[in-house]
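Q: I would like to learn how to read a few features of a protein model. Could we go through them one at a time?

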Amino acid sequence: MLAYIFKRFIMMLVTMFIIITATFFLMRAIPGGPFSFDRVLPPSVEEALKAKYNLDKPLHEQYFDYLNGILHFDFGPSYVYFGQNVNQMIADGWPASARLGLYSTILILIFGVPMGILAALNRNRMADRVTMVISTVGIVVPSFVLATVLLYLFSVRLEWLPTFGVETWQGYILPSICLAVGAICGIARLARSSMLDTLHQDYMRTAESKGLSRSRIIVVHGLRNSLIPVVTSLGMTFAALLTGTFVIEKIFAVPGLGRYFVYSITNRDYTAVMALTIVSSAVMLIAVFIIDIIYVLIDPRIKFSDQ
């Protein structure tokens, strides 16, 4: 296990290095720059700004300077938010995005997996049909449309929940639901198909022929073996939600990372874009690593040596 962890850690470092390098040079290759405003700056002012942020250096020197900063966990200053460090931007936006992602994932776990399992165990019955209809509608309806409907019902008409902001825990309810609904429906359909496939396996019929109770067969043999694709999807969804979702954060005025990401891209804020890309990639890589370990815990037939 230790050898596997070390190997995966080295692979994560190599992957992060490739992501950092690719992001750095791709951002520099995009036409324009962080000081390409609508109103053209005097050449002397633009040169002074470039000198201040070391953008007048050769590209390879800028690259090695940035790598040195990454090694010291310093993402540098923002080129758009003057006087603000990118580390502080991430520290300000991460908590709101992380809480929103965590609450959404909890909803996905509570409703998505049980819905899929219930549908599979009641195939072609009312529970299965209702679940499939709900999941289809939930996947098709865009999150911003759902957000508009929920805001009108619970904030405008009923006045139960705030229309924007997350100063209180009530502010997280509607955006969490909007983010979770589509994923709940997707996880439900995935859990259903995975459970149906598991129920038709030979070992399930063997366990039934031994006289084991149906509940024991489903929990011990069926559920564990059908969860592997669900864990994969859930882990990726959780990692994506942790790093912010711009549309929902914008609608509900959530002060998360999403606003920084989009605004930084449109304004060529090199350091902010690269820092947010690195953070998002790191979270995703860690999620993949944890998922691989959970695989072995769920299904002992999977060995670390085989991965």
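Q: Where does helix α4 bend, and by how much?

A: A bend at a residue is the angle between axes fitted to the seven residues ending there and the seven starting there. In this predicted model, α4 bends by about 35° at W94. A proline, P95, follows within four residues. Helices here are DSSP runs of H or I with at least four residues, numbered from the N terminus. Residues are numbered from 1 along each chain as its sequence is written, and side-chain values use heavy atoms, with hydrogens and water left out. Local features need pLDDT of at least 70 and side-chain atom pairs count only at pLDDT 80 or more, while totals for chains, interfaces and linings use all residues.

Q: What span does α4 reach from its first C-alpha to its last?

A: The expected span is 1.5 Å times one less than the number of residues. Helix α4 covers residues 86-121, which is 36 residues. Its span is 50 Å, close to the 52 Å expected.

Q: Which residue caps the N-terminal end of α4?

A: Look for a polar contact, a pair of N or O atoms within 3.5 Å; within protein, one must be able to donate a hydrogen and the other to accept it, and residues adjacent in sequence count only if both atoms are side-chain atoms. The cap is N85, with a side-chain oxygen 2.8 Å from the backbone nitrogen of N87.

Q: How many aromatic pairs does the structure hold?

A: Rings of Phe, Tyr and Trp (its six-membered ring) pair if their centres lie within 6.5 Å; planes under 30 degrees apart count as stacked, over 60 as edge-to-face and the rest as tilted. The structure holds seven such pairs. For F24 and Y66, the centres are 6.2 Å apart and the planes at 35°, so this pair is tilted. F24 lies in helix α1 (residues 2-29) and Y66 in helix α3 (residues 59-71), so the pair ties together parts 42 residues apart in sequence. F24 and Y66 are buried. Ring pairs link F24, F25, Y63, F64 and Y66 into a cluster.

Methods. Helix = DSSP H or I, 4+ residues; strand = E, 2+ residues; numbered from the N terminus. Buried < 20%, exposed > 50% of the residue type's maximum accessible area, 1.4 Å probe, protein only.
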